[in-house]
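Reader: I'd like to learn how to read helix packing in a model. Could you take me through it step by step?

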Amino acid sequence: MNDGTHTLTVQSGATTTKLAVGSRVSVREALDTTRLRVRAACGGTGTCGACVVRLLSGRTNPPTLAEYTKLTAEERAEGIRLACQLRLAGDSEIRLEHPAAPSPWLSIAAEDLLSLDAGLPDLLEHIYGVAVDLGTTHIRVSLWDRKNGRRIATRRGANPQARFGADVLNRLVAARKSEHAHELASLAREAVIAAVHDMLARDVGEVTPMLADIGHVVIAGNTAMLALLTGRGGETLLDPENWQRAIDYQPSADPDWLSGWQSDWHLPNARIEVLPGVAGFVGSDLLADLLATGIADGPAATLLIDVGTNTEIALWDGNTLHITSVPGGPAFESGGVGHGMPAEPGAICAVRRVDAGTGFELQVIGGDEAHGYCGSGLLDAVAVLLAAGVVKPSGRFAVACPADGYRLDPANARTAITGNTVDAFQRAKAATAAAIAVLLAQAGIGADRISRLVVCGAFGHHLNVANARAVGLLPELPNATVELFADATLGGCEALLVERQSPGRLARLARNLRLINVTLLIWYEDRYIEELRLRKAKATD
Ligand code: FES
């Protein structure tokens, strides 16, 4: 690779994994975004000496001062290095000498994070802060030094509430039973605090004493997720009559409730702020996205789409933000589909046709054998199968398709795409495309007038915009108009932790909204049915 990215081959026990690693990140940072982990307890400052690996071959930076301090001359001569100090200058191979125990929490890749130039220098105590994006499928958390405006660590992991159903409706129904409601709330809360402990243990070096230094926790999510988290408002959300109005899931009037939560989490000094949503069907995750991407500070006719199990959409017309949300199902987050998996090593993140035929080139995160598709890989797979004439615009296969699916790599069963997978994708795509069309029409803006299109959420930085247009997910727009923000919701929460002006900006955003429940509009249904077809988006009516 010649773009400053090198291949790192990692041996751990009997497994060998290949990773693409940029020369600016340490080997430890790269490993932390995968299920391969070294031990660590100092945040990569080189002071704990726990992250030892053996360099087997390759070109790297010379040992640093920290490695001269922490490793003996004998160890250095044998190729032992500290992973947090090790940077690649060429393709290299290492062996993990003492791998850490497996963890459900991975670091978020640096390129997916928002850069924030902020801080609260006047802060004298409780300087740590925690940002939480509580997603239906995944939870993302970051730990900040608020005083110095420094992001200490990040984590992402699956939302354990999924055992009650992949979508919010199943979980809300389950929560009608009080014991399930309690369990759903506990699962989410325990997951968040587990991520915080993991960051403190590995990136600060101590857990219990540091919990008292956390002064602020900001949590955003869709309204159902936050209602399930707080245990309030879930029943109300089951009645569609209530989706247009704000749901009071914040028990701020009940001081005992908050102190109970602080004591459960052992965060005696933390202000726990669960951001209020806009309405039952539009959550605070969208507000956080708007804050992070600043679309209402920019030109008119800007469209923001936060792709996920529930896709939320905002359109800025220069005066008002028109907003809506639609449940598309978890296909874009690789949930509920055969061979779906998160965007981590082994996931097919991109697919390309070879020589305009029915041969396909699969790009796998980590460069190793494919184990399944993440959201962007699934979108590409459907788009290339459509372009190759293997799948028709109706979603049916045009060729004989084995019962276990059509393999994009004939030698690998985990690359098979089934009719059910295409169907799940079509439904998610149709819900999103129809909602965009309705929102544009309601604001009186033609798709050709969109000046900026911001895509947040599930696809991250791997979204192939041309393929998204080819299947009709995104309107026909020049590539330059499209910007990708992988973790905007987390970024909005982070801004509230460290930027003094952010709470005021958020309040102004919330005053400037026009809610549109597209599912109540008759022509949304018609448009949804039309949009089930895989083809370029129709012009807006
Ligand atoms: S010395 Fe590398 S993480 Fe502590």
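Reader: At roughly what angle do the axes of helix α10 and helix α14 cross?

Author: First, a word on the source. This is a predicted model, where local features need pLDDT of at least 70 and side-chain atom pairs count only at pLDDT 80 or more, while totals for chains, interfaces and linings use all residues. Residues are numbered from 1 along each chain as its sequence is written, and side-chain values use heavy atoms, with hydrogens and water left out. Helices (H or I, at least four residues) and strands (E, at least two) are DSSP runs, numbered from the N terminus. Axes are lines fitted to C-alpha atoms, for helices over the stretch in contact, with angles from 0 to 180 degrees between N-to-C directions. Here, α10 (residues 284–293) and α14 (residues 488–498) cross at roughly 75 degrees, their axes coming within 7 Å. That makes α10 roughly perpendicular to α14 (under 35 degrees is roughly parallel, over 145 roughly antiparallel, 65 to 115 roughly perpendicular, the rest oblique).

Reader: Which residues make the contact of α10 with α14?

Author: Contact means heavy atoms within 4.5 Å. On the α10 side, Asp285, Ala288 and Leu291 are among them, and α14 brings residues including Gly491, Gly492 and Cys493. By class, the contact of α10 with α14 has seven nonpolar, four polar and two charged residues (Ala, Val, Leu, Ile, Met, Phe, Trp, Tyr, Cys and Pro count as nonpolar; Asp, Glu, Lys and Arg as charged; the others, Gly among them, as polar).

Reader: Is α10 buried or exposed?

Author: Buried means under 20% relative accessible area, exposed over 50%, and partly exposed in between (1.4 Å probe, protein chains only). Ten of the ten residues of α10 are buried, so this helix is largely enclosed by the rest of the structure. After α10 comes Gly294, with a positive phi near 60 degrees.

Reader: How do helix α12 and helix α16 cross?

Author: The axes of α12 (residues 419–443) and α16 (residues 522–531) come within 8 Å and cross at roughly 135 degrees. The two helices are therefore oblique to each other. From α12, residues including Arg427, Ala430 and Val438 meet α16 residues, among them Trp523, Tyr524 and Arg527. The contact of α12 with α16 counts eleven nonpolar, no polar and four charged residues.

Reader: How many helices and strands are there in the protein chain?

Author: The protein chain has 16 helices and 21 strands. Of its 541 residues, 56% count as buried.
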